[in-house]
Amino acid sequence: MQDHYRTLHTIFEIVRHDPHPLNYLCSTREIILRHQGGWQQEHLDALANEELIVFKKMERLVVCITQKGLETAKALYAGQNHS
């Protein structure tokens, strides 16, 4: 799995049990704390370029997973569980 997709998987793990995962404001701090391995801003930039996440500027930068990102993460997650 490519590194930026590992970051997407981390975001998915954070939001997947939320009743409104597309509205969850995920901080970069949450991502860093839960990410296994090296995390880089470039991972988020790549995911945003693929429209799998969007950035929102609040008091601090937050990330929201998109529907496309949610579907991609679910497919990647399913693939991992069957490996």
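Visitor: Where is Ser27 found?
Guide: Ser27 is in strand β1, which covers residues 26-27. Helices (H or I, at least four residues) and strands (E, at least two) are DSSP runs, numbered from the N terminus. The model is predicted: local features need pLDDT of at least 70, side-chain atom pairs count only at pLDDT 80 or more, and totals for chains, interfaces and linings use all residues. Residues are numbered from 1 along each chain as its sequence is written, and side-chain values use heavy atoms, with hydrogens and water left out.

Visitor: Is Ser27 buried or exposed?
Guide: Ser27 has 5% relative accessibility, so it counts as buried. Buried means under 20% relative accessible area, exposed over 50%, and partly exposed in between (1.4 Å probe, protein chains only).

Visitor: What does Ser27 touch?
Guide: Not counting residues up to four places away in sequence, Ser27 touches Arg60, Leu61 and Val62. Contact means heavy atoms within 4.5 Å.

Visitor: New topic. Which residues of helix α3 are buried?
Guide: In α3, residues 41-49, the buried ones are His43, Leu44 and Leu47. They cover an arc of only 95° around the axis, so they sit on the same side of α3. The arc is that of the directions from the helix axis to the C-beta atoms.

Visitor: Where is the place of Ala48?
Guide: Ala48 is in helix α3 too. At 21% relative accessibility, Ala48 counts as partly exposed. Leaving aside neighbours within four places in sequence, Ala48 is in contact with Ile53 and Phe55.

Visitor: How many residues apart are Ala48 and Val63 in sequence?
Guide: They are 15 residues apart in sequence, and 9.3 Å apart in space, C-alpha to C-alpha.

Visitor: What follows α3?
Guide: Glu51 follows α3, and its phi is positive, near 60°.

Visitor: Now the whole chain. How many helices and strands?
Guide: The protein chain has four helices and three strands. From the N terminus on, they run α-β-α-α-β-β-α. The radius of gyration is 12 Å, close to the 12 Å that the globule rule gives for 83 residues, so the chain is as compact as a globular protein of that length. That radius is taken over C-alpha atoms, and the rule is 2.2 Å times the number of residues to the power 0.38.

Visitor: What percentage of the 83 residues is buried?
Guide: Buried residues make up 34% of them.
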